[in-house]
Amino acid sequence: MKTLQYYKKIFSFLGPPGSGKSTLAKICAKKLGFEVLSTGDLSRKHVSLKADFGMLIREYLNIGMLVPDDLISTMVENWIENHIALKKPIILDGFPRTVEQARYFLDSFSDFFPDYDFKVICFIISDEEVITRLANRFVCENKNCQMIYSQNSFAGKNNICDLCGSKLVKREDDRPEIIK
């Protein structure tokens, strides 16, 4: 039996928005040294760069639709290829999200990452709890921080992030009509 090296692991955290995937991924990054890819954060990064690709993503995010599978899958594959050199275990936060993304990833996974171990962790939460959590969510606007806060248990004082001192904001896709 072949023993895999610790860093040759990729975990996929799956579950609805607001289920705690990102929070647990950040804890794993801080305390265990994981690299974390949030497809939502990566998409927002592309949008902030205001390149053609980012503007296309923005159109989908603004109306609450998922970015097409081929665009997301290509972004993820490129990100992994750029991060495996760091020799850290990887968490894919919310990827794959669709059957097509899963097919694409599993097909390319065996070709591009044959010596990696892939595991899926599912987060289960009710629709009502998702709506409550997202409607009350605030995020640090600092792209290097992105700490998440709940209005119900606000750690940030005066809408300021406890970690970096940046402003806390509501994400555009956390509006009730988009959440539903």
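Ala 25 is buried, with a relative accessible area of 0%; buried denotes under 20% relative accessible area, exposed over 50%, and partly exposed in between, for a 1.4 Å probe and protein chains only. The structure is a predicted model, in which local features need pLDDT of at least 70, side-chain atom pairs count only at pLDDT 80 or more, and totals for chains, interfaces and linings use all residues. Residues are numbered from 1 along each chain as its sequence is written, and side-chain values use heavy atoms, with hydrogens and water left out.

Ala 25 is part of helix α1 (residues 21–32). Helices (H or I, at least four residues) and strands (E, at least two) are DSSP runs, numbered from the N terminus. Not counting residues up to four places away in sequence, Ala 25 touches Phe 13, Val 36 and Ile 91, where contact means heavy atoms within 4.5 Å. Ala 25 and Ser 38 are 13 residues apart along the chain, and their C-alpha atoms are separated by 9.0 Å.

Strand β2 (residues 35–38) contains Glu 35. Glu 35 is buried, its relative accessible area being 16%. When neighbours within four places in sequence are left aside, the contacts of Glu 35 are Trp 79, His 83, Leu 86, Lys 88, Pro 89, Ile 90 and Ile 91. Lys 87 lies in the loop between α4 (69–83) and β3. Lys 87 counts as exposed, at 53% relative accessibility. Although Lys 87 is not a glycine, its phi is positive, at about 55 degrees.

The strand pairings are described next. Strands of a sheet pair through backbone hydrogen bonds, either parallel or antiparallel. Two strands are taken to pair if DSSP finds at least two bridges between them. Strand β1 (residues 9–14) pairs in the parallel sense with strand β4 (residues 117–122) over six bridges. Within this pairing, Leu 14 has Cys 122 in β4 as its bridge partner. β1 also pairs in the parallel sense with strand β3 (residues 90–93), over four bridges, and here Ser 12 stands opposite Leu 92 in β3. The loop between β3 and α5 (99–112) holds Pro 96. Phe 95 and Pro 96 are joined by a cis peptide bond, with omega about 0 degrees.

An open sheet is formed by three strands in the order β6-β5-β7, with antiparallel pairing. β6 (148–150) and β7 (168–169) stand at the edges, each with a single partner strand, so one side of each is left without a neighbour in the sheet. The antiparallel pairing of strand β5 (residues 137–140) with β7 runs over two bridges, and Cys 140 stands opposite Leu 168 in β7.

Two packed helices are described by the angle between their axes and the distance between the axes. The axes of helix α2 (residues 39–49) and helix α3 (residues 52–62) come within 7 Å and cross at roughly 120 degrees. That makes α2 oblique to α3; angles under 35 degrees count as roughly parallel, over 145 as roughly antiparallel, 65 to 115 as roughly perpendicular and the rest as oblique. Axes are lines fitted to C-alpha atoms, for helices over the stretch in contact, and angles run from 0 to 180 degrees between N-to-C directions. In this contact, Ser 43, Arg 44, His 46 and Val 47 of α2 meet Phe 53, Gly 54, Ile 57, Arg 58 and Leu 61 of α3.
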